[in-house]
Amino acid sequence: MMQALFCSGVKSFAILGLVHYSHGLALKTAEQAVFLAASKELLYARSDDPLFAEDYPALFEAACIVNKRENWFWQVGYEKRRMGDARARQRICLALPASMGAGWVSSELVGVDFENHGVDVLGEVEAFRGLCDDSLYKLDRVFKNGDKSYVPLPIHQSAANAWRAVLTMGGFLLLITSPRLSYGHAEAEASHVA
């Protein structure tokens, strides 16, 4: 988990969102194990590499679980073919799990002094979450109209700003870290589910 605290903004929020997903998803035990496995895959992914479905099977499965739910949308789109590629590859967007992670961080900030070193921590986190949700809402309509192309969403700068704001509360961030992020424990849970 400590390694996740030093990832880029989108990736860090997404890891937290996979572990602290929205209760509205109502995940079954086996689905929870998939989300934990996806968080581990993401933890070890390079921040600047695109996330293709065939390279990150647990992350792809988590997205499929979400997309089977009514009124939920996690972008997994087809990236444009490059010269020499025989097929289009499915690329996974992190906007939805990052939004869930930002939502969890916001809920944990209740009752905390939001101004830290002149930074409005809650404001930055909520601005990022709103941008993710708004972008996904617009893109969901495009996907429903039949265009399943991968669309890079303009969330990275907002994520970086929000994550920098969260990091100003370093001690607080360590206190709210969940034991669910102990990957040895997650693997034990997943093996019991299988």
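This briefing covers the pockets and the nonpolar core of a predicted model. Local features need pLDDT of at least 70 and side-chain atom pairs count only at pLDDT 80 or more, while totals for chains, interfaces and linings use all residues. Residues are numbered from 1 along each chain as its sequence is written, and side-chain values use heavy atoms, with hydrogens and water left out.

**Largest pocket**
- The largest pocket holds about 450 Å³ of space.
- Lining it are 20 residues, of which Ser22, Trp72, Ser99, Met100 and Arg129 are the closest to its centre.
- At least two lining residues come from each of helix H4 (95-108) and helix H5 (121-144).
- By class, the lining has eight nonpolar, seven polar and five charged residues.

**Second largest pocket**
- The volume of the second largest pocket is about 350 Å³.
- Its lining also numbers 20 residues, and Ser47, Asp49, Arg91, Leu94 and His156 are the closest to the centre.
- Helix H1 (9-19) and strand S2 (90-92) are the elements that give two or more residues to this lining.
- Twelve nonpolar, three polar and five charged residues make up the lining of the second largest pocket.

- Not counting residues up to four places away in sequence, Phe35 touches (heavy atoms within 4.5 Å) Leu18, Tyr21, Leu25, Leu27, Ala62, Ile65, Val66 and Met100.

**Terms**
- A pocket is an open set of points on a 1 Å grid over the protein atoms alone where a 1.4 Å probe fits, with protein on both sides within 12 Å along at least five of seven lines; lining residues have an atom within 4 Å of a point.
- A volume is the space filled by probe spheres set on the points, which are joined across faces, edges and corners.
- Helices (H or I, at least four residues) and strands (E, at least two) are DSSP runs, numbered from the N terminus.
- Nonpolar covers Ala, Val, Leu, Ile, Met, Phe, Trp, Tyr, Cys and Pro, charged covers Asp, Glu, Lys and Arg, and polar covers the others, Gly among them.
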